[in-house]
Amino acid sequence: MKRIVLLRHGESTWNKDNRFTGWTDVDLTEKGIADANQAGTLLKEKGFHFDKAYTSFLKRAVKTLNCVLDKMDQDWIPVEKSWRLNEKHYGVLQGLNKSETASKYGEEQVLIWRRSFNVAPKALSEDDPRNPKTDTRYKEVPDKDLPRTESLKETVERILPYWKCIIFPNLATANELLVVAHGNSLRGIIKYLKHIPDEEIVGLNLPTAIPYVFEFDDDLNLKKDYFLGDPEEIKKLMEAVADQGKTTPDGRK
Ligand SMILES: O=C(O)[C@H](O)COP(=O)(O)O
C-alpha cells in the first residue's frame with residue numbers, strides 16, 4: 001500500500017480576519033502553529049514515515065510543513081517547493097473580508113467566487129502592486145503562466161502538470177508522500193483524484209490542518225481516502241469553512 005497525505009496549512013492571520021487570501025503571503029497565527037503541531041503529532045502517532053514532502057511558495061504552507069516534520073522528527077526528509085501548489089489566485093478579492101463581500105454582492109455570488117469550478121473573480125490590473133510578475137520569487141515562471149486571478153478550473157490546470165509529472169510518479173519508488181498546500185489548490189487535486197464532477201465540487205470545504213489520507217494499491221489505483229480525526233468534529237470544521245462566505249460567518253443572526 002502507498003499513501004499520499006494532503007494537508008491544508010494551519011490558521012493564517014487572514015483566515016482569522018476572514019479575508020480572501022489567495023497568493024497573498026500571510027503568516028500563521030499562534031493557533032495556526034498549534035494546529036500544525038497537532039497535525040504532526042497525529043501523523044507521528046499514526047505511524048507515517050514520509051519519503052518526501054511538497055509545498056507551495058507561500059509561508060503559511062511552508063511553515064505548517066516545517067511544524068509537522070519537526071513534530072514527526074522527520075525534518076531531514078527532502079522537501080520540494082513549487083509555485084504550482086499555491087492557493088487559487090483570488091484576483092481583486094484578495095484582502096477583502098468575505099462576510100462584508102457577501103453583504104455587498106450577496107452570499108450566492110460569494111459562493112460562486114469561492115466554490116464554483118469555472119468562474120474567476122475580476123483580475124488584478126497589470127499595474128497592481130500585487131501582480132505576481134513583480135514578485136521576485138516567481139522570476140523563473142513565464143509571465144503567461146502567472147495568474148492575475150483564477151477559477152478553480154485554471155488552478156487545476158496549473159497544478160496538474162506538477163502533480164502528474166513530479167509528485168505522483170514518485171509513488172513508483174516511495175511509499176508515503178506529504179503535500180502541504182491550500183484549501184483550493186488541494187480541492188483541485190482532490191477533484192482530480194476522486195473524479196468529482198464540476199457541479200459537485202462546490203460542496204467540498206477543507207478544514208485547516210486536518211490530514212487527508214489517500215491510499216493506493218501497488219498499481220497506484222486509489223483504494224481509499226479518509227481524514228484523520230473525529231468525523232463529527234471534522235464535519236463541524238468543514239461547515240465553519242463554508243460559513244465564512246455568509247454575511248454572519250459565526251452563526252449570529
Ligand atoms: O485564499 C483564501 O482566502 C483561503 O485560502 C481559502 O479561502 P476560501 O475557503 O474562501 O476559498
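User: How far does a polar side-chain atom of Arg115 lie from an oxygen atom of the ligand?
Analyst: The distance is 2.6 Å. This is a predicted model, in which local features need pLDDT of at least 70, side-chain atom pairs count only at pLDDT 80 or more, and totals for chains, interfaces and linings use all residues. Residues are numbered from 1 along each chain as its sequence is written, and side-chain values use heavy atoms, leaving out hydrogens and water.

User: And what about Asn184 and Thr21?
Analyst: A polar side-chain atom of Asn184 is 2.7 Å from an oxygen atom of the ligand. For Thr21, a backbone N or O atom lies 2.9 Å from a ligand oxygen atom.

User: How much of the ligand does the protein bury?
Analyst: The ligand taken alone exposes 310 Å² (Shrake-Rupley method, 1.4 Å probe), and 99% of that is buried by the protein.

User: Which residues surround the ligand?
Analyst: They are Arg8, Arg19, Phe20, Thr21, Gly22, Glu87, Tyr90, Lys98, Arg114, Arg115 and Asn184. By class, this shell has six charged, three polar and two nonpolar residues.

User: Changing topic, how many salt bridges are there?
Analyst: The count is 20, taking a side-chain nitrogen of Lys or Arg within 4 Å of a carboxyl oxygen of Asp or Glu. One of them joins the side chains of Asp27 and Lys63, at 3.1 Å from N to O.

User: What does that pair tie together?
Analyst: Asp27 lies in the loop between α1 (13-16) and α2 (30-45), while Lys63 is in helix α3 (residues 59-71), so the pair links parts 36 residues apart in sequence. Helices here are DSSP runs (H or I) of at least four residues, numbered from the N terminus.

Note on methods
Near = heavy atom within 4 Å. Polar contact = N/O pair within 3.5 Å; in protein donor to acceptor, adjacent residues only side chain to side chain. Nonpolar A, V, L, I, M, F, W, Y, C, P; charged D, E, K, R; others polar. Helix = DSSP H or I, 4+ residues; strand = E, 2+ residues; numbered from the N terminus.
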